[in-house]
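Subject: Structure handover

Hello,

Here is the structure I promised to pass on. Please open it first, then read the notes below.

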Amino acid sequence: MQNQDIERLKTIVQNLLDEAKQQGASAAEAGLSQENGLSVTARMGEVETIEHHCDQGLGITVYFGQRKGTASTTDLSPDAIKETVSAACSIARYTSEDEFAGLPDKALLATEFPDLDLNHPWALTADKAIALAIECEAAALAVHADITNSEGATVNTHQGIRVMGNSLGFLQGRLSTRHNLSCSVVAQRGDSMQRDYWYSVARKANDLETAAVIGKKAGERTIKRLEARRLPTQQCPVLYCAEVASGLIGSLIGAISGGALYRKSTFLLDALDTQIFPNFIRIHEQPLLKGGLGSAAFDGEGIATQTRDIVSEGYLRGYVLSTYSARKLGMQSTGNAGGVHNLTVTTSANDFQAMLKMLGTGLLVTELMGQGVNMINGNYSRGAAGFWVERGEIQYPVEEITIAGNLKDMFKNIVAIGNDVDYRGNTRTGSILIERMSIAGE
């Protein structure tokens, strides 16, 4: 895929918008994507799957005043485009009016499009991918004789184009890549059987951890979990490792997102400009980071993204809004149609070992299970696994426990955030130490 492909797809999107106008729509917006990639999985030294991906699709939303209709297709032929627009128009003509429906405010649309360094194709052949997957799994199996089985190692490379436009004159596209390598293995010692994994993801293939390193980490993590115990029911400090700490921040974003707010289904209703964290907490968006996994100059509606604080000095400074939710709330879009962009939690100077020392005696959580988060009242209860820590030193693995609290209290009782940041997703945070939570065990 090249930049000329963007121009070709822009022409298709413009044709789509023109067709919507011809069919009577007062406004329209459209998105088109094309993706290709390669995915290879090896298990127990043998190739399990080889998949070549090649997908495309477009969607159109039309407005007849305040009435809205949407349709989509994977066929980009002129006839299919006309039929898709016709379907969207037919839907719109029969839907009820919604006073908040419509295109975004033109003044908010992005007008600057810096190079965010998102496109780095990987010239990866199937044979090379197979070799990497086998090498990765072999490194995991070699860690210890107790690693007896494997769920496999997988190599993925993906490149995609996304073009969007609307009848306000916005028409832009971007190329991006994403590559990852992962491994998951199973260990057994006596009656104890455990699995764990590791993975690496990056825009550039050269930024991935090596196959040997990923496999070794997967194997070591699995061995450490063997002979896990349960804990007695108690209250104690809890340290979320960086890989699971992002879920806590995700709960915050869910609670301050437009849909939850206008439905009044969030425990943070009317919390704007109130203190919800200790005063050392800052959480901000960095949408224009070069090479970031969440980088974008515009959101899913074409609105310019913005570098901003969502939380500063512990206070909630902003919501996460699309155009529709903003209108429902009598506010302005924050450029978050489709989600947040490189959400970053400011860290302390404490590395992971220092965070363990701060934990003292308590629970280190490395895995969470279940969906036990009530966004209406903030009640939090999830299955967990990890390690019991005493005097800042890991003692033994634990499993089959439940950790519980209320998110309001959990947020306010954060003691520290480590500098062991996990950069493998759209939320960048280190480990998070919470002063006290309930543990349900034996």
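Helices (H or I, at least four residues) and strands (E, at least two) are DSSP runs, numbered from the N terminus.

Two notes on the source. This is a predicted model, in which local features need pLDDT of at least 70 and side-chain atom pairs count only at pLDDT 80 or more, while totals for chains, interfaces and linings use all residues. Residues are numbered from 1 along each chain as its sequence is written, and side-chain values use heavy atoms, with hydrogens and water left out.

**The chain as a whole**

The chain has nine helices and 17 strands. Its C-alpha atoms fill a box of roughly 70 × 55 × 35 Å along the principal axes.

Of the 442 residues, 51% are buried. Buried means under 20% relative accessible area, exposed means over 50%, and partly exposed lies in between (1.4 Å probe, protein chains only). Contacts need heavy atoms within 4.5 Å. Among contacts with a separation of 6 or more, 71% join residues 24 or more positions apart.

Charges come next. Lys and Arg count as positive, Asp and Glu as negative; His and the chain ends are not counted. Each charge is placed at NZ of Lys, CZ of Arg, CG of Asp or CD of Glu. There are 40 positive and 50 negative charges, and their mean positions are 4 Å apart.

**Aromatic pairs**

How many aromatic pairs does a search of the whole structure find? It finds eight. One of them is Phe 100 with Tyr 324, edge-to-face, at 6.4 Å centre to centre and 85° between the planes. Phe 100 lies in the loop between helix H2 (78-94) and helix H3 (126-141), and Tyr 324 in helix H7 (residues 323-329), so the pair ties together parts that are 224 residues apart in sequence. The rule covers rings of Phe, Tyr and Trp (its six-membered ring) with centres within 6.5 Å; planes under 30 degrees apart are stacked, over 60 edge-to-face, and the rest tilted. Ring pairs also link Phe 100, Tyr 262 and Tyr 324 into a cluster. Tyr 324 is partly exposed, at 26% relative accessibility.

Is Asn 336 buried or exposed? At 5% relative accessibility, Asn 336 is buried. Leaving aside neighbours within four places in sequence, Asn 336 contacts Glu 285, Asp 299, Arg 308, Tyr 319, Val 320, Leu 321 and His 341.

Asn 342 sits in the loop between H7 and E11. Asn 342 is buried, at 0% relative accessibility. Its phi is near 50°, a positive value in a residue other than glycine.

**Other places to look**

Met 44 also has a phi near 50°, positive in a non-glycine residue. Met 44 lies in the loop between strand E1 (27-43) and strand E2 (46-64), and is partly exposed at 39%.

Ser 86 is in helix H2, partly exposed at 31%. The C-alpha atoms of Ser 86 and Ile 253 are separated by 37 Å.

Best wishes
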